[in-house]
Amino acid sequence: MQNLNKYMSFFGVTEENLRELISIALSKGGKYADLFFEHSVINELTLRDGEVNAAGTHIDYGVGIRVVKGEKTGYAYSEITTMPLMRKAALTAAQIAEETTASLQIPAGIKLLQTENLYPIGKAWDDYTIEHKIPHLQNLNSKIFSKDSRTVKVIGKIADSNTLVLFYNSLGEAFTDERPMINVVANCVMEDGKGRSETSGVSRSYRMGFEMLTEELMEEIATELVAKTSFLFEASQPKGGAMPVVMGAGGSGILLHEAVGHAFEADFNRKGTSIFSEMMGEQICNRNINIVDDGTLEGNRGSCNFDDEGIPGQKTYLVKDGILNSYLHDRISAKFYGVSPTGNGRRESFRYMPIPRMRATYMENGNITEEELISQVKKGIYVDNFSNGQVQIGAGDFTFYVKSGYLIEKGKLTQPIKDVNIIGNGPKALEDIVDVANNGRMENATWTCGKGQYVPVSCGMPSILVKKLVVGGGN
């Protein structure tokens with residue numbers, strides 16, 4: 001309880017205050033209520049034109065109060081945690097209930113929820129200043145320029161944050177959490193002396209402390225960035241059409257996230273807007289396919305000790321042996337379906353109510369090599385570097401922009417390609433996966449998922465072969 005007392009002191013509340021706020025929140029007939037206190041410090045440092053010339057710090061602080069009654073949710077927040085303002089917010093959230101009834105009995109005492117810490121901090125961010133971070137950006141800049149003489153511009157950024165959370169609900173449950181995050185981003189522009197220029201970017205993101213900033217990481221980012229950018233000078237746009245597509249390991253997981261993952265979120269299914277709404281327990285793809293949404297990967301950007309409703313982080317099989325096994329649930333959808341929450345109730349900040357969101361979404365390994373996968377394709381493309389895309393949740397139709405890849409001819413990678421659009425339907429593409437390789441890899445980039453609010457996520461997959469997708473290329 002020592003850590004709980006520390007957090008209550010930090011936010012200026014007592015156990016009696018917490019119970020009073022919950023009582024007010026339930027005073028209009030609500031059946032469940034929770035309090036979400038949050039304090040975040042975000043630091044950014046940017047290098048441009050060889051100099052670190054921009055820095056900033058943002059502090060966010062407040063409490064969100066939620067009341068649930070059946071299908072209805074009331075929500076209010078305060079950026080000041082004084083009791084008068086928090087009482088007002090609690091009463092505002094309580095208005096979701098129609099009738100005035102005696103409030104539910106709140107359990108005496110506090111049940112402190114505990115779990116394994118998935119993101120232990122080796123070196124606390126509070127112990128390091130801008131002066132400690134600048135050399136890492138300068139080192140990254142030097143490494144990128146030294147690897148290719150065509151490099152003319154580098155932009156680098158280090159963004160670190162640390163968030164403290166105190167949660168309490170009408171079940172008497174509480175948890176505290178310290179959530180670190182570190183992003184390192186690098187972009188470069190190259191010119192070849194013939195009037196051509198190319199640009200690319202690389203990023204890394206983890207829930208770690210200052211220990212993430214190492215010589216090895218800067219070398220890794222610089223090497224990958226220069227390779228990606230220089231590759232584009234040799235690439236051309238292929239002819240378009242419907243053809244087999246091999247999606248490379250790692251970054252292709254963003255298509256899994258967007259085109260399929262959102263359709264597994266329980267609120268879309270509960271409302272009947274997902275194509276998978278009536279397919280629970282049915283075989284929806286090859287039996288060799290297992291798709292996971294996982295909140296338990298140590299240090300991963302999408303991981304959570306607890307979600308934002310007090311449910312421990314856990315590993316959830318969405319698809320098991322090709323069969324739709326589970327949706328992604330928050331407390332509301334879990335109650336609707338009569339199942340346990342899966343730890344996917346997440347929110348952007350205390351200003352937002354939690355809704356079902358992904359964490360780290362990936363496909364498990366198959367049992368063949370990537371080379372064996374590619375050898376099955378007589379004519380198609382290989383893609384491994386996605387930039388952005390659009391997805392229609394209901395039907396699952398998607399369009400993704402592919403930065404780079406290769407032609408596949410007679411089972412071999414041949415001509416480098418770039419600037420390709422991949423067009424298809426998520427459920428159909430899932431159904432059309434012919435084979436899965438054994439080279440699974442997480443893409444630990446700065447992926448952020450938008451769904452009315454933004455949360456950090458990650459994704460990954462092994463290489464896969466999709467029987468047919470529409471490739472939008474040249475004539």
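A pocket here is an open set of grid points with protein on both sides within 12 Å along at least five of seven lines, and its lining residues have an atom within 4 Å of a point. With that in mind, welcome to the tour; the model you have open is a predicted one.

**Stop one: the second largest pocket.** Select Gly-201, Lys-228, Asn-385, Phe-386 and Glu-443, which lie nearest the centre of this pocket, out of 28 lining residues. Next, colour strands S7 (197-206), S15 (379-391), S16 (397-409) and S19 (441-443) together with helix H5, as each gives two or more residues to the lining. The pocket's volume is about 660 Å³, and its lining divides into 9 nonpolar, 12 polar and 7 charged residues.

**Stop two: helix H5 and its partner.** To see the contact, show His-136, Asn-139, Leu-140, Lys-143, Ile-144 and Lys-147 on the H4 side. Across from them, in H5, pick residues including Met-218, Ile-221, Ala-222 and Leu-225. The contact residues divide into 7 nonpolar, 3 polar and 4 charged.

**Stop three: the largest pocket.** Which residues lie closest to the centre of the largest pocket? Select Ile-42, Ser-161, Thr-163, Glu-348 and Pro-456 to find out; they belong to a lining of 30 residues. About 820 Å³ of space lies in this pocket. Strands S1 (32-48), S2 (51-69), S5 (151-169), S6 (173-191) and S21 (454-456) each supply at least two lining residues. Colour the lining by type and you will find 10 nonpolar, 7 polar and 13 charged residues.

Key. Residues numbered from 1 in each chain as written. Predicted model: local features only at pLDDT ≥ 70, side-chain atom pairs only at ≥ 80, totals over all residues. Heavy atoms only, no water. Contact = heavy atoms within 4.5 Å. Helix = DSSP H or I, 4+ residues; strand = E, 2+ residues; numbered from the N terminus. Nonpolar A, V, L, I, M, F, W, Y, C, P; charged D, E, K, R; others polar. 1 Å grid on protein atoms, 1.4 Å probe; cavity = no way out; pocket = protein on both sides within 12 Å on 5 of 7 lines; lining within 4 Å. Points joined across faces, edges and corners; volume = space filled by probe spheres on them.
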